[in-house]
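Thanks for coming, everyone. Let me put the structure up, and then we will walk through it.

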Amino acid sequence: MLTIEALEKRYKTGDLALRGVSFSVAPGDVVGLIGPSGAGKSSLIRCINRLVEPTAGSVRLNDLDVTRLGRGELRKVRRRIGMIFQEFALVERLTVMENVLSGRLGYVPFWRSFTRRYPQADVDTAFALLDRVGLADHVDKRADALSGGQRQRVGIARALAQNPELLLVDEPTASLDPKTSRQIMRLIVEICRERTLPAIVNIHDVMLARMFVGRIIGLRAGEVVFDGPPEALDDAA
Ligand code: ADP
Ligand code: ADP
C-alpha cells in the first residue's frame, strides 16, 4: 500500500508544483496520472521515490516512511520502487540480459561478462521476465540493436527484476508510435494485475489511460481534481 498525505513541492524558483496531494494506491491498483503540461505529474512521480525532495507532507510505502529517510538511506527506496522511464535508460553496450540483471543488482557493474557471475537463480528469473515481455529470442542482443518497443520491454523486465513493491512509470510511450504504445500499455497493466503490483503511470495520452487503467487521477495546478474510474471522467468533463 502506498499512502501519500498532503504532499507539497515548492521549487527554489518559487513554483508550487504540488499543493497538498493525498491519495492511496492499493495492491493491484493501476493508476493513470493525467493532467495538462505543468500540472505536477512528473514532480509527483519524482517526489514518491525522492528523485525530487518534497517540501511538506508524507509518502509511505508499506512499512517504509519514504519522506523520513535520510539522504544516505535513499537506496532503500530505489530498491523497493521500480521505475520505467520514457527514454528507456538502457545501457546501450550491454546485452538485454545484462540490462535486466543490472536491475536486479541495482547498479551497472564494470566487469566483463557479468552474466556468469550471477547465481543461476537470478539469471533464470531474468530470463522468465524477458520471456514474459516477449524477448526470449533477444536476450543476447545488445540494447542498441533493438527497436523502441523492444527497448521499453527491456525497461519493463529490468524494473520487475528487482521485485518491486510499487512501480512508477513516467510517460512510457512518449517516444513510441500509436500501435506500439498500446501494446506497451497493455503489457504493463497485464503484468501489474498478474502480480497485484500497484503502479502509477504518468500518461500523456488520455485515450490510452481510458483504454487500459482502472483508475485515473487527474492533476491540475498541483492539485488532485479527479480520482475515479475512466467512465466517471466523462461525467466530470
Ligand atoms: P507535468 O509533469 O504535469 O508537466 P511538472 O511536475 O513537470 O508537471 O511541473 C509542475 C510545475 O513545477 C510547473 O510549473 C513547472 O514549471 C515546475 N517545475 C518542474 N520542475 C521544476 C524545477 N526543476 N525547477 C523549478 N520548477 C519546476
Ligand atoms: P564490442 O563487442 O562492441 O567491441 P565489447 O563487448 O567488447 O564491445 O565491450 C565494449 C565495452 O563495454 C568495453 O569497454 C567493455 O569493457 C565493456 N563491457 C563489455 N561487457 C561488459 C559487461 N558485462 N559489464 C560491463 N562492461 C562491459
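Is Arg-80 buried or exposed? Arg-80 is buried, because its relative accessible area is 18%, and buried means under 20%, exposed over 50%, partly exposed in between, with a 1.4 Å probe and protein chains only.

Some ground rules before I go on. This is a predicted model, where local features need pLDDT of at least 70, side-chain atom pairs count only at pLDDT 80 or more, and totals for chains, interfaces and linings use all residues. Residues are numbered from 1 along each chain as its sequence is written, chains are lettered from A and ligands numbered from 1 in the order in which they are written, and side-chain values use heavy atoms, with hydrogens and water left out.

Back to Arg-80. Arg-80 sits in helix 2, residues 74-80. Helices are DSSP runs of H or I with at least four residues, strands are runs of E with at least two, and both are numbered from the N terminus. The side chain of Arg-80 makes a polar contact of 2.6 Å with the side chain of Glu-165. A polar contact is a pair of N or O atoms within 3.5 Å; within protein, one must be able to donate a hydrogen and the other to accept it, and residues adjacent in sequence count only if both atoms are side-chain atoms. Not counting residues up to four places away in sequence, Arg-80 touches Asn-62 and Pro-164, among others. Contact here means heavy atoms within 4.5 Å.

Take Asn-62 next. Asn-62 is in the loop between strand 4 (56-61) and strand 5 (64-65). Its phi is positive, about 50°, although Asn-62 is not a glycine. Asn-62 counts as partly exposed because its relative accessibility is 40%. Asn-163 also has a positive phi, near 50°, and is not a glycine. Asn-163 lies in the loop between helix 5 and strand 7. At 58% relative accessibility, Asn-163 counts as exposed.

Now the core. Nonpolar side chains tend to be buried together in soluble globular proteins. A nonpolar core is a set of buried Ala, Val, Leu, Ile, Met, Phe, Trp, Tyr and Cys residues joined through side-chain atoms within 4.5 Å. The largest one here has 45 residues, and those touching the most other members include Leu-130, Ile-156 and Met-185. Elements giving two or more residues include strand 3 (30-34), helix 5 (148-161) and helix 6 (178-194). Helix 6 gives the largest share, seven residues. Leaving aside neighbours within four places in sequence, Ile-156 is in contact with Ile-84, Val-133, Ile-184, Leu-187, Ile-188 and Ile-191. Apart from this core lies another, of 29 residues, including Ile-45 and Val-77.

Last stop, ligand 1. Which residues are around ligand 1? Among them are Tyr-11, Pro-36, Ala-39, Gly-40 and Ser-43, where near means a heavy atom within 4 Å. An oxygen atom of ligand 1 is 2.6 Å from an N or O atom in the side chain of Ser-43. A polar backbone atom of Gly-40 is 2.9 Å from a ligand oxygen. For a backbone N or O atom of Ala-39, the distance to an oxygen atom of ligand 1 is 3.1 Å.

Pro-36 lies in the loop between strand 3 and helix 1 (41-48). Pro-36 is partly exposed, because its relative accessible area is 44%. Its C-alpha atom is 8.4 Å from that of His-204, 168 residues apart along the chain. That is the tour.
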